Amino acid sequence: MYKLGPSLMCADLGNLESQISELDKAGVDFYHIDIMDGNFVPNFTLGPDFVRTVRKLTDKPLDIHLMVNKPENYIELFADCGADMISIHEEATAHLQSSLTKIKSLGIRAGVAINPATSLDFLKYVYNVTDYVVLMTVNPGFAGQKFIPAMYDKIAELHAFIQRTGMDIEIQVDGNIGAGTIPKCREAGASMYVLGTSAVFNDAGSIQDNVANTRKLFN
Ligand SMILES: O=C(CO)[C@H](O)[C@H](O)COP(=O)(O)O
């Protein structure tokens, strides 16, 4: 089982409606929406109004990736915008366990995102309130970076931990996910793939062709 989720920060925002319509037709499984605060990461991207707009354009699950400090302050805001999944960074909050519990209490799937250099140790304390882990395979903040090769072992380590606990936790990978990296991510045990400029939003083909070609990598 694998799921594909386009990263909308990489979309052509001037043609959002048609891009989402094409992506829906291509059968993507969820939409990944990065929220950056210029503080936790050195960039700004999308916000609550964007999420509300996307909510009106598709019925697919919206996966909100909060790349912000103190994400606990924004959980209700994004829940109200129509989020189905919210991930928060382990490095960005002093209140990881209670924040994940809060997300789940709102009926939203709870994710923990971690930067490339962050260890997986935290998970043994919060796995019972975690639905998915976002492994950043580049340093968060910008599209178009290079996959950090040490992340393959990290995916495998996380996969082994999940198998040991028997928990139903998905492994999401984000950053330079495409033809050059998907086969090894898959082998290591990733199940959710965030697709940005490397796989979908580029000139190799139409959006629908790019999604179809990405899907072939899983055959
Ligand atoms: O999280 C991100 C940037 O921090 C983006 O979702 C991701 O990087 C987009 O994919 P690509 O690397 O293929 O452009």
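With which residues is Tyr74 in contact, leaving aside its neighbours within four places in sequence? The partners are Leu66 and Val68. Contact here requires that the C-beta atoms of two residues, placed from the backbone, lie within 7 Å. Tyr74 sits in the loop between strand S3 (62-67) and helix H3 (75-80). Helices (H or I, at least four residues) and strands (E, at least two) are DSSP runs, numbered from the N terminus. Tyr74 counts as partly exposed because it has 19 C-beta neighbours inside 10 Å. A residue is buried if 20 or more other C-beta atoms lie within 10 Å of its own, exposed if 12 or fewer, and partly exposed in between, with C-beta atoms placed from the backbone. Tyr74 and Pro48 are 26 residues apart in sequence, and their C-alpha atoms are 9.7 Å apart in space.

The model is predicted; local features need pLDDT of at least 70, side-chain atom pairs count only at pLDDT 80 or more, and totals for chains, interfaces and linings use all residues. Residue numbers start from 1 along each chain as its sequence is written. The protein chain has a mean pLDDT of 98, and 100% of its residues reach 70 or more. This score is the predictor's confidence in each residue, from 0 to 100. For the complex, the predictor gives an ipTM of 0.97 and a pTM of 0.98.

The protein chain holds eight helices and eight strands. Its C-alpha trace spans about 45 × 35 × 30 Å along the principal axes. Of the 219 residues, 44% count as buried. Among contacts between residues at least 6 apart in sequence, 61% join residues at least 24 apart.

The unreviewed UniProt entry lists Asp34 and Asp174 under "active site". They are spread over 141 residues of sequence but cluster in space, with a largest C-alpha distance of 10.7 Å. UniProt positions are given in the numbering used here, feature names are shortened, and annotations may be inferred rather than shown by experiment. Asp34 is part of strand S2 (residues 31-36). Asp34 counts as buried because 23 C-beta neighbours lie inside 10 Å. Not counting residues up to four places away in sequence, Asp34 touches Ser7, Met9, Thr45, Leu46, His65 and Met67. Asp174 belongs to strand S7 (residues 170-174). Asp174 is also buried, since 25 other C-beta atoms lie within 10 Å. Beyond its neighbours within four places in sequence, Asp174 is in contact with Val134, Met136, Thr137 and Val194.

One "binding site" in the unreviewed UniProt entry comprises His32, Asp34, His65 and Asp174. These residues cluster in space although they are spread over 143 residues of sequence; the largest C-alpha distance is 10.7 Å. His65 is placed in strand S3. With 29 C-beta neighbours inside 10 Å, His65 is buried. Setting aside residues up to four places away in sequence, His65 touches His32, Ile33, Asp34, Ile35, Ser87, Ala113 and Val134.

Under "binding site", the unreviewed UniProt entry also lists Ser7, His65, Gly141, Phe142, Ala143 and Gly144. Ser7 lies in the loop between strand S1 (3-6) and helix H1 (16-25). Ser7 is buried because 25 other C-beta atoms lie within 10 Å. Residues up to four places away in sequence aside, Ser7 touches His32, Asp34, Val194, Leu195 and Gly196. Gly141 occupies the loop between strand S6 (132-136) and helix H6 (151-165). Gly141 is partly exposed, with 18 C-beta neighbours inside 10 Å. Gly141 touches Met36, Val41, Pro42 and Asn43, again not counting residues up to four places away in sequence.

There are 19 residues around the ligand, and Ser7, Ala143, Gly196, Thr197 and Ser198 come nearest. A residue is near a molecule or strand if its C-beta atom, placed from the backbone, lies within 6 Å of it. The shell around the ligand has eight nonpolar, nine polar and two charged residues. Ala, Val, Leu, Ile, Met, Phe, Trp, Tyr, Cys and Pro count as nonpolar, Asp, Glu, Lys and Arg as charged, and the others, Gly among them, as polar.
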